[in-house]
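I opened a notebook for this chain and went through it one topic at a time. The entries below follow the order in which I looked things up.

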Amino acid sequence: EEPIQPPKLSKSGEAAAEIKVTTKRQKNSSSEWTPSSWTTKPIKQEVVYNDLAKVQKALAKLEQLPPIVTPTEIIKLRKSLRDVALGKAFLLQGGDCAELFDYCEENAIESKIKLLLQMSLVLIWGANRPVVRIARMAGQYAKPRSSPTEMHEGNEIPSFRGDILNGYAVEDRTPDPARLVSAYYHSAATLNFIRASLASGIADLHSPLDWELGHVKDEKIRAQYTRIVDSITESLQFMRTVGADSSASGLETVDLYTSHEGLLLEYEQSLTRRLKHPPSHPAFLPARVSSDQQVNGHQESASDGKGWYNTSAHFLWIGDRTRQLTGAHVEYFRGLENPIGIKVGPTMTSPELIALLDVVNPPKDIGKVTLITRYGEHKIASLLPDHIEAVKESGHVVVWQCDPMHGNTKSTPSGVKTRQFSSILSEVSSALRIHREQSSFLGGVHLELTGDAVTECVGGSEGLTEGDLSVNYTTYCDPRLNEKQSLEMAFLVAGHYRD
Ligand code: PEP
Ligand code: MN
């Protein structure tokens, strides 16, 4: 889809001109990076607030609040993604399309943690390697939209752009700067509960897991899934028997990282901090110190041992609508120490892709960038091979992640957005096969999912049909896999490795 300009909600053009002041717009046009250098570049999906004093107040508050995540955690994830890029681990990333502030609630958070954990166990079993888990959670509040407005009862109203910006209720569609601060608190509260749950044993593999396979109607498929669960259960039992489950074994808890699309740059900038690198940072590896001097935006890293960290999440990605090489989002992302993702849709050309990698990762750090491909089940075969070839030739070593959701969204005749389970599986299967054929490998998957029993995607072992969509269709943006469909996707991906 063509990127679009967002709505100018102010009646006069004045507010639009004024907003640039609030974000410390710079005159500098050189390559020097600062957390606000993005403001010198053209921006897609721009937000126009009409109360600038309120925006400034919100950003000042955000700048004062403590980091939500730390450099030590961020660099730990970056090291894990290096392993993924080298084929030593698999990446599972998943969560809601649009996270609402209302999802900051015990059950919703818990069910998502448990689902991601179960899926990761299945994938560990299948791919026979560790799984890195990243939740689209604790901050996934900003949504790019293909149209700035939509029709509601015959009136054109602004589209819902995520809880960080405006509200879904028709009367809340004007961007509200107070939501920026609210996003921080909801993000922090969500991550606090994730951390507390993990520390209290939610992911403790000593306790039995509930796999619930009763819904799988096809007996052959159920037998196949049951075999996988039995195999996982037996392995855990074996570890207990040989005493490999002692307190240092890592069976008590797991790492779960957070992520969101870095879309609302005012928010991201306010949480971007110059902080001390942990000792594990690549800048401290002997080979890197001398080359650090020439790297854009990282000029000072060798000298003062610090770098710019986005402390709002461990991992951020650039959306398919905001990935313009000379645009604001790419400018912002190129200065970050965090591992980052770039959505790669059907309009991405290979030269553009390599130019992007060169801009955001000049030192070619392995696994620093995750390419999140989302072509669609019918386009992947004609697009992915060239991208793999071009990246190989460029010398960049990336994490190749398949997002089988966003190229496969359809509307039913009655206008309900949905996705076919079989189309999602088809794109993942093609990704696995194409990477294998090109002597590359698929590093991970990126899924829109929820731990609840929603009816938003059709197909899967429950046999959900278009007629079932109305039963529990609760997404405020894209259709998500429900708990059973998600787990089934993990079984099927795992099966590919074992076949
Ligand atoms: C998303 O991940 O929800 C999204 C908007 O994806 P994309 O940028 O790939 O369209
Ligand atoms: Mn989405």
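**Entry 1: the whole chain.** I began with burial and found that 47% of the 499 residues of the chain count as buried. I note here that the model is a predicted one. I then looked up the secondary structure, and the chain has 13 helices and 14 strands. For contacts with a separation of 6 or more, I found that 77% come from residues 24 or more positions apart.

**Entry 2: the barrel.** In which order do the eight strands close into a barrel? I read the order as β1-β2-β5-β8-β9-β10-β11-β14, with parallel pairing. From one strand to the next, the twist averages 25 degrees. As a reminder to myself, strands of a sheet pair through backbone hydrogen bonds, either parallel or antiparallel.

Entry 3: I looked at strand β5, residues 257-261, and five of its five residues are buried. Which residues point one way from β5, and which the other way? Tyr 257, Ser 259 and Glu 261 point one way, while Thr 258 and His 260 point the other way. In a regular strand the side chains alternate between the two faces of the sheet.

I followed β5 to its partners. Strand β2 (residues 131-136) is joined to β5 by three bridges, and the two run parallel. Ser 259 in β5 is the bridge partner of Arg 136. Three bridges also pair β5 with β8 in the parallel sense, and there Ser 259 stands opposite Phe 315.

**Entry 4: from β8 to β9.** I moved on to strand β8 (residues 315-318), which pairs with strand β9 (residues 340-344) over three parallel bridges. Ile 318 has Ile 342 in β9 as its bridge partner.

**Entry 5: around ligand 1.** I listed the residues around ligand 1: Cys 97, Pro 144, Gly 319, Asp 320, Arg 321, Lys 343, Gly 345, Arg 374, His 406 and Asp 478. Sorted by class, this shell has five charged, three polar and two nonpolar residues.

Entry 6: I checked UniProt, where an unreviewed entry lists Arg 136, Lys 343 and Arg 374 under "binding site". Lys 343 is in strand β9. Is Lys 343 buried or exposed? Lys 343 counts as buried because it has 23 C-beta neighbours inside 10 Å, and the cut-off is 20 or more. Its contacts include Trp 317, Asp 320 and Arg 374.

Arg 374 is in the loop between β10 (369-373) and α11 (380-394). Arg 374 has 22 other C-beta atoms within 10 Å, so I noted it as buried. Among the residues it touches are Asp 320, Lys 343 and His 406.

**Entry 7: a further UniProt group.** The unreviewed UniProt entry also places the feature "binding site" at Cys 97, His 406, Glu 448 and Asp 478. These residues are spread over 382 residues of sequence but cluster in space, with a largest C-alpha distance of 10.0 Å.

I found His 406 in the loop between β11 (399-402) and β12 (410-411). With 21 other C-beta atoms within 10 Å, His 406 is buried. Asp 478 is in the loop between β14 (444-448) and α13 (483-498). Why does Asp 478 count as partly exposed? Asp 478 has 18 C-beta neighbours inside 10 Å, and a buried residue needs 20 or more. Asp 478 touches Cys 97 and Glu 448, among others.

Notes:
Residues numbered from 1 in each chain as written. Chains lettered and ligands numbered in written order. Predicted model: local features only at pLDDT ≥ 70, side-chain atom pairs only at ≥ 80, totals over all residues. Pairing = 2+ DSSP bridges. Helix = DSSP H or I, 4+ residues; strand = E, 2+ residues; numbered from the N terminus. Axes fitted to C-alpha atoms, helices over the stretch in contact; angles between N-to-C directions. Near = placed C-beta within 6 Å. Nonpolar A, V, L, I, M, F, W, Y, C, P; charged D, E, K, R; others polar. UniProt positions renumbered as here; feature names shortened; annotations may be inferred. Buried ≥ 20, exposed ≤ 12 C-beta atoms within 10 Å, placed from the backbone. Contact = placed C-beta atoms within 7 Å. Lists of a residue's contacts leave out its neighbours within four places in sequence.
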